[in-house]
Amino acid sequence: MTEDATVDDDQLTDGLLTIGAFAARARLSAKALRLYDRLGLLAPAHVDEATGYRYYRADQAGRARLVALLRQLDMPLARIAEVLDAEGPEAAGRLAAYWADVESRIAGQRTLAEYLRGRLSGRNTDMYEKFVIETVDVPAQVVITESRHTLADELPTWIGASLGRLEAAARECGGVTGAPFVVYHSEVSMESDGPAESCVPVADEAAARAWAAGRGRAWETSVRVEPAARLACTRITKAQVAHPQILAAFEAVEQWMAGEGLEMAGPCREIYFADWEAAGPEDPVCDVAFPVVRSTGAA
């Protein structure tokens with residue numbers, strides 16, 4: 001006899017329902033109920049030690065249906081457990097927080113889809129023409145840095161936090177002497193985790209090295225001299241910093257470089273010259289830049 005088989009007309013004398021009867025009442029499958037049990041979302045009221053059969057109380061149907069409905073929102077099982085563990089307004093608040101995350105993700109995906117439609121249809125060429133691109137020369141700089149392997153969805157939070165830590169540390173290193181910037185030593189996306197390196201220029205190299213030594217052997221913090229370079233760059237607004245809008249800025253600079261006979265001489269970077277918190281969506285805040293040299297054989 002299987003666990004789904006009828007036992008005593010699908011109901012025990014003590015009021016418990018077999019898994020088959022309960023599944024019918026909850027409008028779920030027995031397979032789903034076993035999964036919920038295994039994941040700790042809905043435990044049976046009783047499990048027969050001899051047969052392993054599961055039995056449920058009728059009043060568990062509401063919780064079972066709630067789990068099924070939350071699953072229809074593609075809610076991760078851990079988040080479902082958080083909602084079930086809360087009560088009333090707190091449970092509703094946890095659901096609202098999850099759905100806000102979903103809507104934010106969908107908004108980002110919608111923007112990415114629009115960007116990709118433009119790219120696939122060739123309209124991105126028109127988009128590139130909207131960026132003003134120039135070259136600037138920057139001197140060598142002593143920088144204190146923090147590096148991390150990070151995926152694209154974690155990147156904005158890490159950039160803000162790491163630059164904040166470095167700017168605070170710069171007080172021990174003679175003060176900040178230039179705009180903070182982030183260097184991408186490899187691609188950062190949802191499939192590639194960099195690494196990225198946050199950098200803050202400081203005045204006193206000896207003090208900076210003493211600061212770094214005092215940080216112990218943490219691999220993510222260092223001091224180095226960033227060499228002088230010529231940068232090909234374009235200035236973008238706070239709204240354009242968001243992914244994937246910023247991709248168009250990087251691609252526009254790369255396209256311009258090719259047309260000017262320039263090639264990359266180092267990893268690309270974002271230079272944050274403005275007060276991020278005070279800036280509005282249309283305020284310029286960042287330069288997207290590539291170190292460049294004249295291509296071999298270019299006129």
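P195 sits in the loop between β6 and β7, where helices (H or I, at least four residues) and strands (E, at least two) are DSSP runs numbered from the N terminus. The model is predicted, so local features need pLDDT of at least 70 and side-chain atom pairs count only at pLDDT 80 or more, while totals for chains, interfaces and linings use all residues. Residues are numbered from 1 along each chain as its sequence is written, and side-chain values use heavy atoms, with hydrogens and water left out.

The peptide bond that joins G194 and P195 is cis, with omega of about 20°. As a reminder, most peptide bonds are trans, and most residues other than glycine have a negative phi. Two residues deserve a look on the second count. R27, in the loop between α1 (19-26) and α2 (30-38), has a positive phi of about 60° although it is not a glycine. D74, which belongs to the loop between α3 (61-72) and α4 (77-85), likewise is not a glycine and has a positive phi of about 60°. R27 counts as exposed because its relative accessibility is 65%; here buried means under 20% relative accessible area, exposed over 50%, and partly exposed in between (1.4 Å probe, protein chains only). For D74 the relative accessible area is 65%, so D74 is exposed.

Turning to the strands, an open sheet of three has the order β1-β3-β2, with antiparallel pairing. β1 (17-18) and β2 (46-47) are the edge strands, each with a single partner, so one side of each has no neighbour in the sheet. Two strands pair if DSSP finds at least two bridges between them, and two bridges link β2 to β3 (residues 54-56) in the antiparallel sense. Within β3, Y55 is the bridge partner of H46.

The buried residues of α7 are L155, W158, I159, S162, L163, L166 and A169. Seen down the axis, these buried residues fall within an arc of 120°, so they line one face of the helix; the arc is that of the directions from the helix axis to the C-beta atoms. P156 and T157, on the other side of α7, are exposed. The cover over the buried residues of α7 includes β5 (141-148), β6 (181-184), β7 (196-202), α8 (205-214) and β11 (269-272), with contact meaning heavy atoms within 4.5 Å.
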